[in-house]
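Please read the following briefing alongside the sequence and the model.

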Amino acid sequence: MVQAYILIQTEVGKATAVAGLVGKLPGVIQAEDVTGPYDVIVRAQADTVDELGRMVVARVQQVDGITRTLTCPVVHL
């Protein structure tokens, strides 16, 4: 199982709506509005890194109001 944090920038005024929509997507554990350079932070999981990448491109990035994402896979050192 692979987990990652997905940092999301949104259009002005869309953070709450984006967090709500992304939070309902399969594989998303949690989605929260935040302040700072990113507007929403998501914790997601998938079976493989490839599946995680497909989820971000095919589902997360298609949500209306998202302008940019940065995916940060969790590592266990």
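Helices (H or I, at least four residues) and strands (E, at least two residues) are DSSP runs, numbered from the N terminus, and Ile-41 has its place in strand E3. This is a predicted model, in which local features need pLDDT of at least 70 and side-chain atom pairs count only at pLDDT 80 or more, while totals for chains, interfaces and linings use all residues. Residues are numbered from 1 along each chain as its sequence is written, and side-chain values use heavy atoms, with hydrogens and water left out.

- Apart from neighbours within four places in sequence, Ile-8 is in contact (heavy atoms within 4.5 Å) with Val-18, Val-22, Tyr-38, Asp-39, Val-40, Val-42, Val-60, Ile-66, Arg-68 and Thr-69.

- Thr-10 lies in strand E1 and counts as buried because its relative accessibility is 12%, where buried means under 20% relative accessible area, exposed over 50% and partly exposed in between (1.4 Å probe, protein chains only).
- Neighbours within four places in sequence left aside, the contacts of Thr-10 include Ala-15, Val-18, Asp-39, Val-40 and Ile-66.
- Thr-69, which belongs to strand E4 (residues 66-73), is buried at a relative accessible area of 18%.
- Beyond four places in sequence, Thr-69 is in contact with Ile-6, Leu-7, Ile-8, Val-56, Val-60 and Gln-61, and its side chain is joined to that of Gln-61 by a polar contact of 2.9 Å.
- A polar contact is a pair of N or O atoms within 3.5 Å; within protein, one must be able to donate a hydrogen and the other to accept it, and residues adjacent in sequence count only if both atoms are side-chain atoms.

**Partly exposed positions**
- Gln-30 is found in strand E2 (residues 28-33) and, at 41% relative accessibility, counts as partly exposed.
- The side chains of Gln-30 and Glu-32 are joined by a polar contact of 2.7 Å, and, leaving aside neighbours within four places in sequence, Gln-30 is in contact with Ile-41, Val-42 and Arg-43.
- Ile-41 likewise counts as partly exposed, with a relative accessibility of 30%.
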